[in-house]
Every structure is written in structure tokens, then in C-alpha cells.
Amino acid sequence: MRFDLITLFPEMFAAVRDQGVSGRAHQRGLWSLHAWNPRDFTHDVHRTVDDRPFGGGPGMVMMAEPLAQAVQAVRAARRQAKADPADQAAPVVLLSPAGQVHDQARARRWAGSAGAILVCGRYEGIDQRFIDRYVDQEVSLGDFVLSGGELGAMVLIDSIVRLLPGVLHDAESAEQDSFNPALTGLLDSPHYTRPEVWDETAAPDILLSGHHARISAWRRQRSLELTADRRPDLIDRARRAGDLSPRDEAALAAIRAAGADDEAGPVR
Ligand code: 9WO
């Protein structure tokens with residue numbers, strides 16, 4: 001998998017390239033990163049990539065031409081490297097709050113691809129004519145504004161690379177576990193580690209019992225409770241995806257009953 005970044009701040013990407021799970025996968029050659037600076041595609045002495053907005057207003061706008069030339073250079077480089085299947089050039093993706101919201105299902109789909117050309121905007125925005133001509137899709141991470149697309153691109157890359165085959169070891173992944181909350185779209189159960197008693201608070205006994213079936217059942221119960229409480233929308237989604245067992249449904253019915261009691265409050 002190959003990611004090409006079009007960015008005024010290529011150094012930022014050292015974080016996802018060199019650190020942690022994504023860094024290890026990069027070192028092992030499971031993915032590559034190539035940063036392209038629009039300044040290198042300018043032709044004036046000041047290497048100008050921005051200009052004042054037509055119609056007035058605050059800030060500056062990224063000019064279309066350096067971005068377009070960068071995309072063309074990336075496409076040529078990807079062709080030369082045979083980075084994409086012959087019939088399918090990598091998409092040009094813009095990180096923007098106006099895009100489709102990224103989620104785990106999209107990360108999984110991307111993980112089966114050859115990568116992408118990620119365009120990271122700065123300043124107040126990008127000349128719309130570049131977007132209309134070159135950008136295949138816009139991706140958002142949520143309803144907030146950043147100072148640039150770079151952090152968004154790194155989040156996207158991290159979420160995808162960790163799903164590549166062989167990136168997570170067995171200990172990290174548990175992909176084989178069909179009740180893995182990450183795979184069934186539920187929130188994960190809480191985690192505990194040594195010491196058994198910390199600050200006068202014991203870890204749950206069940207986790208120290210060595211009884212793996214009971215531990216799994218306990219974790220599934222915690223996961224269902226937490227998800228029902230904080231993100232009931234994810235319960236509905238998991239149900240529609242067929243990821244809830246009859247046992248899960250029974251647990252949820254009990255959780256709803258207890259919740260209804262709570263809402264009624266103490267007997268008056
Ligand atoms: C900003 C914007 C705001 C409202 C509607 C559409 C928009 N597009 C952009 C845009 O492309 N901005 C560029 C990238 C330039 C300014 C900084 N940029 C940016 C990307 N800010 N915030 C994001 C972003 C990306 C992904 N998820 C959330 C925010």
C-alpha cells in the first residue's frame with residue numbers, strides 16, 4: 001500500500017511513518033509514504049502557493065496550479081512504480097469537513113486498496129477549481145475544523161494501516177474472535193492490569209479467575225452495557241448487521257429493564 005501526501009508540511013508525517021504500530025509496519029515495508037510539497041511545483045522566486053481570496057475576506061487561498069502539478073507528478077510516479085492495479089488509478093482524496101465521515105467500515109474498505117493520493121489543505125481553503133477538476137472524494141473526520149488537512153490524513157492512514165494483514169500481532173488483534181467488540185461495532189470493555197489492588201481498589205475478580213469462557217462472557221456484558229449507555233445507535237447498527245446473538249439480545253433486554261428502573265428512581 002502506498003500513500004502520497006500533497007502537503008506544505010511534509011515533516012509532520014514522520015509521526016505516523018516512524019512511531020508505534022504504523023511505524024513498525026512501515027519499517028517492515030507493508031506500506032510506504034511519499035510527501036510532495038506544492039512549493040516544489042511553483043515557478044516564481046517566492047515559491048508562492050497561496051493568494052488573496054476573490055471577493056475579499058480574511059486569509060489566503062491555496063492556488064490551484066501548484067496542487068494540480070503536484071497531483072500530476074504523483075500520478076506519474078505511481079504509474080512508474082506500478083503502485084496501482086493497471087485498471088484502477090489511486091483516488092485523489094481531500095481531507096475536509098465537507099466530506100463523507102470516516103468510520104471503521106471505510107477503513108476496512110481502504111485497507112483492501114493500493115492506497116491513495118491525500119491532499120492536505122492549509123490557510124482558509126483551496127481554490128474550488130482544483131477540487132472540481134482533481135479531487136475524487138472528500139473525507140471528514142467529524143464536525144470540527146483543523147488548521148490543515150495533515151492531522152486528518154495521519155488519522156486516516158493510521159486507521160487503515162493497522163488493518164493491513166500482518167500488521168497487528170495475534171496478541172494485539174483477536175481478529176479471530178467473532179465477539180471482538182471492534183469487529184461487531186460495539187465499544188470495548190474496560191481493561192485492567194497489575195497490581196491486583198491499586199489505590200485500595202481491586203480489579204474485577206472474574207479477570208483473575210483464569211476461567212476464559214466466563215471472562216469472555218463478562219467482557220461481552222460490559223461491552224453491551226457501555227454501548228447501550230453511551231452509544232445506543234451502535235447497538236442498533238450491530239443488530240442490523242446481524243452481529244448480536246440471542247444471548248446478547250437477552251442481556252440487552254435485562255439492561256433496558258434495569259435502566260427503566262433507574263429512570264423511575266427510588267420507590268417513593
Ligand atoms: C474547509 C471547510 C469548511 C467548511 C466546508 C468545507 C470546507 N473545506 C475545507 C477545506 O478543504 N479546508 C482546507 C483543509 C484548508 C483549511 C484547513 N483544512 C481543514 C481540513 N480544516 N479542517 C479539516 C478537516 C479535515 C477532516 N476532518 C475534519 C476537519
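How many positive and how many negative side chains does the protein have, and how far apart do the centres of the two sets lie? Select the charged side chains in this predicted model: there are 31 positive and 38 negative ones, with the centres of the two sets 4 Å apart.

Next, show the whole chain as a cartoon. The protein holds 11 helices and 10 strands. Its C-alpha trace spans about 75 × 50 × 45 Å along the principal axes. Of contacts between residues at least 6 apart in sequence, 75% join residues at least 24 apart.

Switch to a surface. Buried residues account for 36% of the 268.

Now turn to the aromatic rings, which form 2 pairs when centres must lie within 6.5 Å. Select phenylalanine 3 and tryptophan 31: the ring centres are 6.2 Å apart and the planes meet at 75 degrees, so this pair is edge-to-face. Phenylalanine 3 belongs to strand β1 (residues 2-6), while tryptophan 31 sits in the loop between α2 (20-27) and β2 (32-36), so the pair ties together parts 28 residues apart in sequence. Both phenylalanine 3 and tryptophan 31 are buried.

Move on to phenylalanine 130 and tyrosine 134. Their ring centres lie 5.4 Å apart with planes at 20 degrees, so the pair is stacked. The two residues are 4 apart in helix α5 (residues 128-134), which means a separation of about one helical turn. Phenylalanine 130 is buried at 2% relative accessible area, and tyrosine 134 is buried at 13%.

Note on methods
Residues numbered from 1 in each chain as written. Predicted model: local features only at pLDDT ≥ 70, side-chain atom pairs only at ≥ 80, totals over all residues. Heavy atoms only, no water. Buried < 20%, exposed > 50% of the residue type's maximum accessible area, 1.4 Å probe, protein only. Contact = heavy atoms within 4.5 Å. Lys, Arg positive; Asp, Glu negative; His and termini not counted. Charge placed at Lys NZ, Arg CZ, Asp CG, Glu CD. Phe/Tyr/Trp six-rings, centres within 6.5 Å; stacked < 30°, edge-to-face > 60°.
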